[in-house]
Amino acid sequence: MVRAGSRRTHDKGPAAEALRLVKVSKTYGARDSAVTALDGVTLGLGRGTFTAVMGPSGSGKTTLLHCAAGLDRPDSGIVCVDGTELTGGGEADLTKFRRGRIGFVFQQYNLLETLTVAQNTVLPLKLAGQRVDRGRAKEVLTSVGLGDRLGHRPGQLSGGQRQRVAIARALVTEPRVIFADEPTGALDTRSAREVLLLLQRAVRVHGRTVVMVTHDPVAASYADSVLFLADGRLAGRMDAPTANAVAERLAHLGDNVTTGV
Amino acid sequence: MFLLAMRSIRHRPGRFLATLLSAFLGAAIIMTFNSMHDTAAQDGVDPTSAETLSTAAGVVGGYGTLLVFFAVASTLTVNVRQRTAELELLRRSGATPGQLKRMVVGEAVVVALVGAALAIGPAMLGGRALLEVFQDSGQVAGSVDPSFGPVALLTGIDITLLASAGAAFLAVRRATRGQERPGGARKFLAYGALLAGAASASSTFVFSGTDAALMAPPAYGAILLSVGFALMAPRLLEAVLDRLPLDGASGWLAVRNLRERAGHLAGILMSLILFTAVATATLTMQAVESDAVAASGLTKSIDAKNLETLNVTVVGIIVVFVCVMLVNSLYAATSYRAREFGQQRLAGATPGQVLGTVGTETLILTVTGVLFGTVAALAGIVPFTVVRTDGVLPGEVCAIGVAVIAVAASVTLGTALATARRMLRTPAVGAVAVAS
């Protein structure tokens, strides 16, 4: 069982590896039409790293993110977040496990339309039953450049601003790992750049670990390293990526598939 | 377009279940009462029996028609509103507004026909049962045989069809134009209904205690007042919310959600207020009337008995219909929120917290609806009791009120929580992806 909601494991001091996957496999569909989305993926990501996961459509990158973040259960294999294994249990247990460990940023923002920007930002704290002081929302939102938009509704903001609110919401619980699923997929170049710089700063300044799924070589170039995925398997790794090198590598991804990192 | 309509019904039968249910119930009720016309028109029925049967058919048939239209229209409106995305997609793929209208109206017609056809059997049995009720109370001669003929069939099918097609047409027109109704007319109607209701309830005092029509003014007063309250539902809800100090994550979210969605929830609140007011007022006044007749030592006249049977039947119909409306609109409104629930869960809400939020919202809605419904009911009950008896508040009102409130609360909470629970079965990521 997950040691649900136990803050002690969290506060004992961070593990050296923020995220570890061991032989994680996931298959969708019935027996005769089954699709293997993940095929024995093993990887480890150190604390304070910014990693992009890339690969063609259907390569399993979103499944990888969902399994690593406890949003989906792998069929087999082990997932460890911040040194604690993510095991079975119901949705409530998984949710409590994620609190304080994992933050999310999605392509579609997923802000609640009925709440203001400030209320959206502190929602995870409220749900975790923590006291929320008024300054907290302002502090976090100021750090993403939206300190003057506290009372706005998500509907009144641009896409880039909404994504910055989502990042503020992901940062507010001070999670060990932030998972970003195509965070710039719906944004123009300039907004995308702001969002990527914020994610980069979360790593460099605040020591968070960021895992970002993307199909955009430019977005991937903001990361410290890029993991390539093809047919549900790891197909290589690139450190200190540049947009051109990533694009080049992606174009030849199908040519020779190497396993392992 | 008609082929597309048929295909969409065949592949998503669940979506049409709510519409089918209201069409079925509506047709069944209309046919049941209108079969009294058929029975009365037979040869060899004595004039007294024929008159009783025709009155029942006329009065309740009229009520029934209105209610069927209301129920079917509300279900179809919700149904079409939920399909805005699908209709938009079809429009972008080249469907003209006319084609969309034909598709939605075509679906509604097919569903209404199926509902009416299914209703024929139950309506025959219902007509038989109703005739027995009249015969048992001696209002209709025992020799009269039940008959289910052209009047029942034609009215049942025509009215259900007309209500479905008409409501679907209006709903799809509103959806494709995408404009909100102006608020001024609503405000005017609300005040009008409240004034008329107050006037009708006070006019009770003009009548004498033994007047046969004494029950009409307070009953209409209560109904009009509840319509007025129902039209003002969003503002009443906001007033209640301003006075609620709620702590805890679920309560906090519930209050904020309700405040934002007050306009959308008006339909549910409307059904609740109408249900509480109509059921409480009519049942209580009937109980007071029966007591007064018993106390005076007179045996009931045939008219009084007839009225009692009718009142109880009408209340029964209203209760069933408003319940269907309530369940329908609550189910639709809650299932529409699957994406929002997914977002809450991704932000760190456990399934229990999501259910807690839905439960709190529904509880606040129920309390608000029941509160104003009871006020409207009392506005009718008090004048009636003062004129008919020596008291002010009859003893029955407590028991009846509690029973009505219990039914209202269990229906609303049960529907909302069961639906939300079902929505939670989809993984959070999947629920969020559906609409995006």
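User: What order do the six strands of the open sheet in chain A have?
Analyst: Quick ground rules: this is a predicted model, where local features need pLDDT of at least 70 and side-chain atom pairs count only at pLDDT 80 or more, while totals for chains, interfaces and linings use all residues. Residues are numbered from 1 along each chain as its sequence is written, and chains are lettered from A and ligands numbered from 1 in the order in which they are written. Strands (E, at least two residues) and helices (H or I, at least four) are DSSP runs numbered from the N terminus, and two strands pair if DSSP finds at least two bridges between them. With mixed pairing, the order here is β6-β7-β8-β3-β9-β10.

User: Which strands stand at the edges of that sheet?
Analyst: Look for strands with a single partner, because one side of such a strand is left without a neighbour in the sheet.

User: Do β3 and β8 of chain A run parallel or antiparallel?
Analyst: Four bridges join β3 (residues 50-54) to β8 (residues 209-213) in chain A. One spot to check is A:Phe50, which sits opposite A:Val210 in β8(A). The two strands run parallel.

User: At what angle does helix α7 of chain A run to β8(A)?
Analyst: Helix α7 covers residues 189-204 and lies across β3, β7 (177-181) and β8 of chain A. There's also α9 (residues 243-251), which lies across β3, β9 (225-230) and β10 of chain A at about 155° to β10(A). For α7 and β8(A), the angle is about 150°.

User: Why is one side of β2 and of β5 in chain A left without a neighbour in the sheet?
Analyst: These strands belong to an open, antiparallel sheet of four strands in chain A, ordered β2-β1-β4-β5. β2 (35-46) and β5 stand at the edges, so each has a single partner strand.

User: Which residue stands opposite A:Leu21 in β4(A)?
Analyst: Five bridges join β1 (residues 17-28) to the antiparallel β4 (residues 76-81) in chain A. Elsewhere in β4(A), A:Ser76 faces A:Ser25. The residue opposite A:Leu21 is A:Val79.

User: Which residue in the turn between β4(A) and β5(A) has a positive phi?
Analyst: β4(A) and β5 (residues 84-85) of chain A run antiparallel and are joined by two bridges. They form a hairpin with two residues between them. With a phi of about 55°, the residue is A:Asp82.

User: How many residues of helix α4 in chain A are buried?
Analyst: A residue is buried if 20 or more other C-beta atoms, placed from the backbone, lie within 10 Å of its own, exposed if 12 or fewer, and partly exposed in between. The buried residues of α4(A) include A:Gln119 and A:Lys126. For this helix (residues 117-127), the count is 11 of 11.

User: Which helix of chain B supplies the largest share of the side that touches chain A?
Analyst: Residues are in contact if their C-beta atoms, placed from the backbone, lie within 7 Å, and 23 residues of chain B contact 23 of chain A. α10 (248-261), α13 (338-346), α14 (351-388) and α16 (428-435) of chain B each supply at least two residues of that side. The largest share, six residues, comes from α10(B).

How values were computed:
Two residues are in contact if their C-beta atoms, placed from the backbone, lie within 7 Å. Axes are lines fitted to C-alpha atoms, for helices over the stretch in contact, and angles run from 0 to 180 degrees between N-to-C directions.
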